[in-house]
Amino acid sequence: MRIEAINADFVGNVSDVDLSQTLTREEVGQIEQAIAHYAVLVFRDQPLSDDQHAEFTRRFGPIDKGLTKGSKGKRRLKNPDVIDLANVDAEGKVLPPGNIRNVSLIANQFWHSDSSFKDPPAKFSILCGIDLPAEGGQTEFADQRAAYDALDDNLKARIEDMLAEHFAFHSRDILGGSHHSQEEIDALPPVHWPMVHTVPESGRRSLFIGIHTRQIDGLPTAEARMLLHELLEQATRRQFVYRHKWRNHDVLMWDNQCTLHRGRPYDLNKLRELRRCTTEVSGRQIV
Ligand SMILES: [Fe+2]
């Protein structure tokens, strides 16, 4: 296995490995070490079946079901561990752009950390690019460790002990509402996480914010939202961002504990098919 830096401390490219095969413990260890350093890993030319995708993911921890928890909708994919991120209906036809199900996919264009609204939150996301549009639809990542390091000392001190409330449907509310039922909404009550934490695997301090945050404990809503907005702006400056231009069969793996990501816009009439598996932060909460 070869691991090369795309940027010195953020984003590594992993080659000479076949993710469809069972990895050795040593290979799993090498990937864990690489992601602790780079936070985002790129694997090119890895066509994986859903079962292989889930199997690879399970090597890194228990699988998180994300938004499928509480969801009663008809599923297109057989493997319950794989999240379908294609803009298609249950029969595989591209959704009309105005379809309400597109709201969740459009919400992915906000900067976010996957499942930060859950307890436990997500750790690694592993995203397979199946069929990507020729134009647009890239995925961007922002390094929240470097972003934290660059904050001025006053701001660091101000947010040190702050807790933010993360709510799954906040991004959908901003977009005008979604198709989710009250039952689905009730299944994912808000959670509260420190806005700054230490990533156990690297020992680095990191911001933990994004579009799922809608409130800061103890602050008036307007003040809280403006501070979250200000931090997000600082945390996603171009010097902290890597933009991934997809090729079919790329696999991206990232650590949600210390990165934010967002999809970029694309023509909603065109197919964009991605599938995701996610591990949970296990055995402890984010502190
Ligand atoms: Fe995401």
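Strand E2, helix H1 (residues 25-38) and strand E3 make a right-handed β-α-β unit; right-handed means that, with the strands pointing away from the viewer, the path from the first strand over the helix to the second runs clockwise. Helices (H or I, at least four residues) and strands (E, at least two) are DSSP runs, numbered from the N terminus. The model is predicted: local features need pLDDT of at least 70, side-chain atom pairs count only at pLDDT 80 or more, and totals for chains, interfaces and linings use all residues. Residues are numbered from 1 along each chain as its sequence is written, and side-chain values use heavy atoms, with hydrogens and water left out.

**Exercise 1.** Describe how strand E2 is joined to E1 and to E3.

*Solution.* 
1. Two strands pair if DSSP finds at least two bridges between them.
2. E1 (residues 2-5) and E2 run antiparallel and are joined by four bridges; Ala5 has Gly12 of E2 as its bridge partner.
3. These two strands form a hairpin with six residues between them, and Val11 in the turn has a positive phi of about 85°.
4. E2 and E3 (residues 40-43) run parallel, with three bridges between them; Asn13 stands opposite Val42 in E3.

**Exercise 2.** Determine whether the residues on the two faces of E2 are buried or exposed.

*Solution.* 
1. Buried means under 20% relative accessible area, exposed over 50%, and partly exposed in between (1.4 Å probe, protein chains only).
2. On one side of E2 (residues 12-15), Gly12 and Val14 are buried.

**Exercise 3.** Characterise the cavities of 30 Å³ or more.

*Solution.* 
1. On a 1 Å grid over the protein atoms alone, a cavity is a set of points where a 1.4 Å probe fits but cannot get out; lining residues have an atom within 4 Å of a point. Grid points are joined across faces, edges and corners, and a volume is the space filled by probe spheres set on the points.
2. The structure holds two such cavities.

Methods:
1 Å grid on protein atoms, 1.4 Å probe; cavity = no way out; pocket = protein on both sides within 12 Å on 5 of 7 lines; lining within 4 Å.
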